[in-house]
Amino acid sequence: MKIKFSILALLLLVNISCVENVITIQIFPDGQTHLKIVSIGDSTDIMDQDFEHPFYDDNNSSYEIYKTDSIWKAITNIVIKDSSFSYKPRNGLAFSFHLNYSAKFISNIYKFQMNLEGRNIKNEYPLLYNAITNHKLDSLIWLPEALTIIIDKALSDLEKNMTSDNIEIERPRLVNHFKNSFSRISTFEMLEEIQENRDIYIRNTLKPFKVSQKFSDNLSRAMKVHEDRLKASLGLQDDNFVIKLLLPGEPISGNAMSMDKDTLIWKFGIDSLLNENYYLHAASVTTSKDKIQKNSILVIFALLMISIILLNRKR
């Protein structure tokens with residue numbers, strides 16, 4: 001019986017370092033986009049799965065990493081020819097953006113929208129949400145709830161894929177049984193003991209249900225999916241994000257936090273991603289000299305024709 005609570009190990013490592021992720025998006029008048037991502041921080045945090053760089057093995061993209069003794073820098077450059085871009089890693093932060101272009105009488109309007117996927121912590125793990133927002137992540141208060149929810153999610157997944165190996169069980173009863181067991185975890189010493197002897201702990205907890213070894217293995221794999229996503233969410237607590245957007249022409253609207261010359265800037269951290277999606281939007285306008293000249297000629301010509309018609313009527 002090999003069910004691994006990797007989240008327990010994470011709790012015992014409270015050493016937090018900061019990673020800064022700068023995402024620069026430059027929109028060109030022809031609709032192409034240059035996406036540049038720079039992440040700077042500790043080597044272990046740069047290579048974890050909370051925020052991953054998109055990677056495309058083609059001539060329009062590149063990835064470089066610069067290493068020193070303690071600080072690493074990862075740089076990604078991608079040229080995007082489409083008006084939309086979407087990146088959805090398995091556990092890390094997913095994001096997408098879309099550019100809408102419209103031609104007006106004497107101008108062009110560029111409308112940009114970006115969406116960063118929320119982690120849904122507030123809805124799924126309310127006690128953990130309170131611990132993060134109150135900066136008390138090392139508290140044991142939220143742990144029993146988180147582990148119970150992971151068990152519930154894993155059992156629910158097994159129910160949807162019921163086989164001869166996944167015997168029919170009373171999920172509420174089994175979840176409640178684990179919940180009572182987790183509620184007795186009150187010290188980090190107990191956490192360490194469970195981490196060192198987790199197979200024995202799980203085996204003893206499941207004894208009253210007389211489940212098979214195969215069922216335990218399937219439950220372990222189902223739990224790992226939700227553990228990995230939660231680990232990635234917790235990993236985002238040490239990440240800061242800066243979004244820089246350069247649009248053609250002059251900005252006319254948007255929800256940017258600041259502006260540096262022609263660059264719109266947003267800055268945020270995990271607080272903005274704990275639950276719902278985080279949306280960015282901006283619009284700009286370019287005025288075409290060719291359109292102004294052509295339309296001016298058309299207006300002058302139209303006025304001239306109207307004047308000629310009026311003169312002919314007076315005669």
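R171 is partly exposed, with a relative accessible area of 23%; the term covers values between buried (under 20%) and exposed (over 50%), with a 1.4 Å probe and protein chains only. R171 and D152 meet through their side chains in a salt bridge, with 2.4 Å from N to O; a salt bridge is a side-chain nitrogen of Lys or Arg within 4 Å of a carboxyl oxygen of Asp or Glu. The model is predicted: local features need pLDDT of at least 70 and side-chain atom pairs count only at pLDDT 80 or more, whereas totals for chains, interfaces and linings use all residues. Residues are numbered from 1 along each chain as its sequence is written, and side-chain values use heavy atoms, with hydrogens and water left out.

**Salt bridges**

- The whole structure holds five salt bridges according to the search.
- Helices (H or I, at least four residues) and strands (E, at least two) are DSSP runs, numbered from the N terminus.
- D152 is partly exposed, at a relative accessible area of 28%.
- A network of salt bridges links D152, E159 and R171.
- E124 and K153 form a salt bridge through their side chains, at 3.2 Å from N to O. This pair links distant parts of the chain, with E124 in helix α3 and K153 in helix α5, 29 residues apart.
- E124 is partly exposed, its relative accessible area being 25%.
- E117 is the salt-bridge partner of R229, and their closest N and O atoms are 3.9 Å apart. Because R229 lies in helix α9 (residues 213-235) and E117 in the loop between β7 and α3, the pair ties together parts that are 112 residues apart in sequence.
- R229 counts as partly exposed at 26% relative accessibility, and E117 counts as partly exposed at 30%.
- Side chains of opposite charge can pair when their charged atoms come close.

**Helix α5**

- Helix α5 (residues 143-160) has 18 residues, which at 1.5 Å a residue should span 26 Å; the end C-alpha atoms are 26 Å apart, in agreement. The expected span is 1.5 Å times one less than the number of residues.
- Buried residues of α5 include L143, P144, A146, L147, I149, I150, I151, A154, L155 and L158. T148 and S156 of α5 are buried as well.

**Sheets**

- Seven strands form an open sheet in the order β3-β4-β2-β1-β8-β11-β10, and the pairing is mixed. Two strands pair if DSSP finds at least two bridges between them.
- At the edges of the seven-stranded sheet are β3 and β10, each of which pairs on one side only.
- Neighbouring strands of this sheet are turned by 15° against each other on average, direction ignored. Axes are lines fitted to C-alpha atoms, for helices over the stretch in contact, and angles run from 0 to 180 degrees between N-to-C directions.
- Eight bridges join strand β1 (residues 19-27) to strand β2 (residues 33-42) in the antiparallel sense. Q26 has H34 in β2 as its bridge partner.
- An open sheet of five strands has the order β5-β6-β7-β12-β9 and antiparallel pairing. Its edge strands, β5 (84-87) and β9 (250-254), each pair on one side only.
- Antiparallel pairing over four bridges joins β5 to strand β6 (residues 95-103). Opposite F85 stands F97 in β6.

**Loops and surface**

- M47, F55 and Y63 form a nonpolar surface patch with about 340 Å² of accessible area together. Patches are made of residues with over 30% relative accessible area and no salt bridge; like charges are joined within 9 Å, and nonpolar side chains (Val, Leu, Ile, Met, Phe, Trp, Tyr) within 5 Å. Accessible areas come from the Shrake-Rupley method with a 1.4 Å probe, and for residues only the protein chains shown count as cover.
- F55 lies in the loop between α2 (43-46) and β3 (61-67) and is exposed, with a relative accessible area of 55%.
- N120 has a positive phi, near 60°, although it is a residue other than glycine. The loop between β7 (107-116) and α3 (121-124) holds N120, which is partly exposed at 26% relative accessibility.
- K261, not a glycine, has a positive phi of about 60°. K261 is in the loop between β10 (258-260) and β11 (263-268) and is exposed, at a relative accessible area of 75%.
- Most residues other than glycine have a negative phi.
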